[in-house]
Every structure is written in C-alpha cells, then in structure tokens.
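Reader: Could we go through this protein together, one part at a time? I would like to start with a helix and then move on to other topics.

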Amino acid sequence: RVSGGSAKGRKLKRPDVYLRPMMGKVKEALFSILVEFDVLRADAIALDTFSGCGSVGIEALSRGVGKAVFVDYSKEACRTIEDNLESCHFDDRSLVVCSKAESIYDSPQGVLDRMQKRCFDLVTITPPYEEIDYSDLLNRVATSESLLGDGSVLVVEYPVELGSLPPMIGSRLVGMRNRKYGRT
C-alpha cells in the first residue's frame, strides 16, 4: 500500500514470486529521512532496484520525485510493476527495466539517457537478503561513473546479521544514517 503523497492509500498488486517487501514502518521512517535530504523533488530521478512490486519507487513518485526507473530480474515482477504504475497514474514518469540490478549499476548511461538525466538522485537497493553479495553490490555502485552524483542518496536495506555497513565505501559513498527495524 502507498503510505503517503498523491497516491496515498492505493493498494499495490504483488507478483506471484518470492518477495520480501519493505515493512511499512521501515518505509515510513525511510521517507521521513528522505524529506530531510531534500531528494523528493520534481526534478529528481529515483532508481528502485530489486523492485518486486515497485512499492519503494512508487512511494517516491507519490511523494514528489519527478521520474523513476524500476529494475527487477523477474518478468512477472516487471509486469506487476507496470500494472501498479498504471493504476497510480505514474506510467508516464517511469521506466521498467527487466534486468539484473548489477547490469544497471555497471552501465547506467543507457537508462539515464532514456530518462534524460545525468545521474540518479535516489538509488534504493532492497534485495532478497539470502541471495546477495552486498560487498559486490556496493563496490559496483561505488565505482560506477555515472550512477550517482554529488548529493545523491543511496539507500541499502540489509539484514541485521551483517552488522553495520562501513562508514565509507570506496572514495564516494559516505554513510549518513543507519537504522534497525526488526531484522532490517
């Protein structure tokens, strides 16, 4: 369900694949923090990776982000995201890419060109916990030339079992906040 903004209360469809959606209280806390970072702007673009049903990117659009790109490897998830975007009337401000997230981290320029942007203002990484090498993902993001720009915000949802992420990853990613909600 969309918890705030122009599509508040809209129920989102879920694909018939394994999902671990972001908990409502986590999403609410996240978007309260994002307001502080001034990333929910009409001129901003979000990248929602491991999108599932698209709830994080749709929440960003609902709360004022101008454009969003959704990436998921499951064709069924991509179809569901497209349906959810249409039902929320965000299909004209978004792009769904059926691909591995790592491909976009490594080569974001094609997607950015299609969306007429130089870099993403907000990138969310919300993968299935057990199937991901977080070190590899974060190194890919940190070394990508055009994925993030100055002032971009990266959000990583990860299991508490990993402990805290390092305060700095590469020379570009600086940790700003770390919150714990249950296992997240």
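Reader: Which residues of α6 are buried?

Author: This is a predicted model. In α6, the buried residues are Y134, L137, L138, V141 and A142.

Reader: And where do they sit around the axis of α6?

Author: Their arc around the axis spans only 130°, so they lie on the same side of α6.

Reader: What caps the N-terminal end of that helix?

Author: The cap of α6 is D133. One of its side-chain oxygens is 3.2 Å from the backbone nitrogen of S135.

Reader: Is S144 buried or exposed?

Author: S144 counts as buried, because its relative accessibility is 5%, and the cut-off for buried is under 20%.

Reader: Which backbone oxygen lies 3.0 Å from a polar atom of its side chain?

Author: That oxygen belongs to Y105. The side chain of S144 supplies the polar atom in this pair.

Reader: Let us turn to the strands. How many residues of β4 are buried?

Author: Strand β4 covers residues 120–125, and six of its six residues are buried.

Reader: In which sense do β1 and β4 pair?

Author: Strand β1, residues 45–49, pairs with β4 in the parallel sense, over four bridges. Within this pairing, A46 has L122 of β4 as its bridge partner.

Reader: What about β4 and β5, how many bridges join them?

Author: Five bridges connect β4 and β5, and these two strands run parallel. Opposite F120 stands L148 of β5.

Reader: New topic: how many salt bridges are there?

Author: The count comes to eight salt bridges. As background, side chains of opposite charge can pair when their charged atoms come close.

Reader: Which residue forms a salt bridge with D83?

Author: The partner of D83 is K13, and their closest N and O atoms are 3.8 Å apart. This pair links distant parts of the chain, since D83 is in helix α3 (residues 75–87) and K13 is in the segment before α1 (24–36), 70 residues apart. D83 itself is partly exposed, at a relative accessible area of 37%.

Reader: And which residue forms one with E59?

Author: E59 forms a salt bridge with K27, with 3.7 Å between the closest N and O atoms. Here too the pair links distant parts of the chain: E59 lies in helix α2 (residues 55–62), K27 lies in helix α1, and they are 32 residues apart.

Reader: Are those two buried or exposed?

Author: E59 is buried, with a relative accessible area of 0%. K27 is buried as well, with a value of 5%.

Reader: What does E28 form a salt bridge with?

Author: E28 forms a salt bridge with R63, and the closest N and O atoms are 3.3 Å apart. E28 lies in helix α1 and R63 in the loop between α2 and β2 (67–72), so this pair ties together parts 35 residues apart in sequence.

Reader: How accessible are E28 and R63?

Author: E28 is partly exposed, with a relative accessible area of 34%. R63 also counts as partly exposed, at 22% relative accessibility.

Note on methods:
Residues are numbered from 1 along each chain as its sequence is written. This is a predicted model: local features need pLDDT of at least 70, side-chain atom pairs count only at pLDDT 80 or more; totals for chains, interfaces and linings use all residues. Side-chain values use heavy atoms; hydrogens and water are left out. Buried means under 20% relative accessible area, exposed over 50%, partly exposed in between (1.4 Å probe, protein chains only). A polar contact is a pair of N or O atoms within 3.5 Å; within protein, one must be able to donate a hydrogen and the other to accept it, and residues adjacent in sequence count only if both atoms are side-chain atoms. A salt bridge is a side-chain nitrogen of Lys or Arg within 4 Å of a carboxyl oxygen of Asp or Glu. The arc is that of the directions from the helix axis to the C-beta atoms. Two strands pair if DSSP finds at least two bridges between them.
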